[in-house]
Amino acid sequence: MSKENLCDSFQRIGYANVTTLSWAAQQEAPKIEPKADQYLKAMSGYLADLKTYSFQVEEFIDEVQDDGQKLQLSNQRHMSVSRPDKVFGEDEGDTANSLFYYDGKTVTVFDRAQKTYATEKMPGTIDAMLDDLHDRFDTHQTLADFLFADPYKVFTERVQSGTYVGLHHVGKVKCHHLAFRQKLLDWQIWIDAGEQPLPRKLLITFKRQADQPQYTALIHRWDVNPKLTDELFQFQPPEGVRKVDFLNRHAEPKPLKKAGDK
Amino acid sequence: MTGRAAVRYGGVLFSVMKGEAIMRRIFLEMGTLVLGLATLVWSTAPISAQRGGRGGGGHAGGGNPGGGHTAAHIGSVHYGARAAPVHVEPAVRAGAVRSEHYAGLEHRGGYRNPYRDDYFRHFRPGYRSFLIGDASYYYYDDLPPDCQTVVSDGITYYLCDGVYYQPYLYGGQTVYMVVPTQ
């Protein structure tokens with residue numbers, strides 16, 4: 001390689017690297033339109049200030065088949081939250097039939113279809129519990145974004161850009177329609193344009209997956225000051241259910257010593 | 001990521017400046033060469049993770065419950081971008097925007113197979129993988145018919161066609177993990 005060619009190569013790598021670095025820098029500074037930012041902040045602040053709240057959800061999930069055909073499944077979901085350390089969740093539908101209890105000390109998940117439950121000790125805040133659920137059990141609480149103490153931080157931590165789409169409807173409710181882009185996801189949120197800036201709809205597009213499946217949640221029946229008793233967050237096992245463990249990323253099962261041992 | 005980098009290199013070909021002090025630039029570029037190589041190594045790691053997670057034994061999935069090859073249940077921005085450690089892309093079933101936060105963060109190369117070969121051959125189709133430490137375990141959403149219950153060291157197993165299963169809770173559903181034998 002001649003000196004000029006060698007220099008050329010260095011220059012190419014150098015410029016490519018500068019371009020890559022500037023691209024990376026762009027990723028770190030999200031471009032969110034002020035109007036979109038304003039409404040996302042308003043919604044997040046409103047949720048963060050609630051002491052107790054509950055909502056119901058109708059969710060739709062794309063399942064992409066091996067031949068590329070997209071099928072839609074749906075579930076009903078209910079969530080009750082008492083900040084900072086209690087969550088009750090209930091889901092039922094095509095892909096779910098379970099109850100979720102977090103009382104500030106333990107999480108219990110009850111699979112109603114199989115009559116099976118598991119209980120684990122957890123950290124003392126909703127935020128820490130959600131991350132622990134992921135880290136140890138590879139489990140994600142659906143719509144967890146609305147449970148964190150600082151929803152705005154959670155929603156924007158990976159955002160590359162955000163735009164204000166317009167005033168659009170969710171059912172009969174007029175909402176601020178916002179659209180955000182991330183590296184792996186695009187997502188849209190519809191925030192009530194009335195006095196209470198509540199989220200009415202969330203749509204996530206998994207754009208890096210084949211055929212770009214979507215998750216859609218219609219959120220209704222908000223109660224922003226429900227009376228929630230401590231009993232709601234504590235699981236009382238019914239008769240005839242069996243206790244098992246959560247699948248744990250860090251706990252290998254003990255191998256059976258000899259096939260057929262009883 | 002690699003493809004994107006290649007495109008950028010292509011674009012640079014047209015923007016190389018001519019007639020500058022060559023040797024001075026060599027010193028300048030030496031530094032960026034090191035940085036550039038480091039960037040390339042970093043940026044390809046998630047691709048390797050994806051192959052590692054999906055390639056082990058030719059089985060799909062790396063720890064997300066749900067059918068199809070694109071589970072769509074994440075339901076959260078946060079967790080949609082985090083998903084399982086071997087997933088570069090979030091799974092749809094998590095339903096959380098925040099899931100991207102976890103995606104592709106961890107990378108491990110090969111995974112240990114905890115099962116004996118003669119035992120592994122009895123596994124029926126349809127299993128999914130779940131990583132425990134550096135081992136890739138397999139589980140099913142249900143049991144086959146005609147199982148018997150076996151208790152060993154106080155743990156109840158299901159024995160079906162020579163394969164032992166232990167029930168676990170995973171993502172709100174009961175799954176049946178194949179227990180290795182010695």
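**The buried interior**

Author: Chain B contains four helices and eight strands, where helices (H or I, at least four residues) and strands (E, at least two) are DSSP runs, numbered from the N terminus. This is a predicted model, in which local features need pLDDT of at least 70 and side-chain atom pairs count only at pLDDT 80 or more, whereas totals for chains, interfaces and linings use all residues. Residues are numbered from 1 along each chain as its sequence is written, while chains are lettered from A and ligands numbered from 1 in the order in which they are written.

Along the sequence of chain B, the elements come in the pattern α-α-β-α-β-α-β-β-β-β-β-β. Of its 182 residues, 42% count as buried, meaning that 20 or more other C-beta atoms, placed from the backbone, lie within 10 Å of a residue's own, while exposed residues have 12 or fewer and partly exposed ones fall in between. Two residues are in contact if their C-beta atoms, placed from the backbone, lie within 7 Å, and of the contacts in chain B with a separation of 6 or more, 35% join residues 24 or more positions apart.

Leaving aside residues up to four places away in sequence, B:Met177 touches A:Leu247 and A:Pro253 in chain A, and in chain B it touches B:Phe130, B:Tyr137, B:Tyr139, B:Tyr165, B:Gln166 and B:Tyr168.

In chain A, helix H2 (residues 34-49) also has buried residues, namely A:Ala36, A:Tyr39, A:Leu40, A:Met43, A:Ser44 and A:Leu47. Seen down the helix axis, these fall within an arc of 130°, so they line one face of H2(A), the arc being that of the directions from the axis to the C-beta atoms. What covers them includes helix H4 (151-156) and strand S8 (161-170) of chain A, whereas the face turned away from the buried side carries the exposed residues A:Pro34 and A:Asp49.
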